Amino acid sequence: MWYMEKVVSGYHSHPIPKSLINHPYSARLNPLEKDLVRVLSKRRTRPIDILSGVKVLSPSNSSSLSTIYKEREKFRNESWQDRVLMQQLLFLFEEANYSTAYDMNNEGEVEYLFIANPECVELTRCFHQILFMDCTYKTNRYNMPILNFVGQTSTKSTFNVAFCFLKDESKESYLWALQKVKLLYQEGYTPRVLITDKEQSLMWDISRVFPMRVTIFTRFIYGTMCKLIARGLFFQQGSPKWGG
């Protein structure tokens, strides 16, 4: 049986809401709140924390998380200017003065991507004696190995020299990465000691890219060699080549 309930409002078919939270009209952000959302988004602040900041700025604000997500998406579309993901990545690297290099195949897919922070490049040129390198597992979304280059300062602190995404762990890929990292060093100031594991393809390419005087060590004797270098006992009588 059908029956008619009491009309609460002559203008709406539903009761008057007790709160205007998340209402399309009342949840709109004013220009000041939009600027706050965009500034915090650039700092990679969590949306829930951005919403808290908006509430502190405007206690009467009735926005919700969906409002913050929509504003962030709008800001992203405006800042990307119709660029795809890889184009936006390279744009940000260029804007921040990163040293980058990449190579694509015939289908337009990126096979290699080399990245070096400008501050790390300065450290690399100041402390060029030692270079660590190791290839991580394929744990990223593109299933690409990442070759990590690490340097060491005079106070035994380590720093990242560069990262390089590779299509595989072949001699060709390692050769491309080593050629790019060599460009970070000044002429005549390349690493004298390169430390890596027993990756045969990588060790084979090291002798081709860097001068033969570079000494190659395996990881298990790293601690001993660092002590010798610190004491000044190494490189006094030439550069012996160790392996094992």
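**Exercises on pockets and exposed loop residues**

At 77% relative accessibility, Arg-44 counts as exposed (over 50% relative accessible area; buried is under 20%, and partly exposed lies in between, with a 1.4 Å probe and protein chains only). The structure is a predicted model, in which local features need pLDDT of at least 70, side-chain atom pairs count only at pLDDT 80 or more, and totals for chains, interfaces and linings use all residues. Residues are numbered from 1 along each chain as its sequence is written, and side-chain values use heavy atoms, with hydrogens and water left out.

**Exercise 1.** State whether Asp-82 is buried or exposed, and give its place.

*Solution.* Step 1: the loop between H3 and H4 holds Asp-82. Step 2: its relative accessible area is 78%, so Asp-82 is exposed.

**Exercise 2.** Determine which element gives the most to the lining of the second largest pocket.

*Solution.* Step 1: a pocket is an open set of points on a 1 Å grid over the protein atoms alone, where a 1.4 Å probe fits, with protein on both sides within 12 Å along at least five of seven lines; lining residues have an atom within 4 Å of a point. Step 2: the lining includes Leu-85, Phe-93 and Val-110. Step 3: H4 gives the most, with four residues.

Note on methods. Helices (H or I, at least four residues) and strands (E, at least two) are DSSP runs, numbered from the N terminus.
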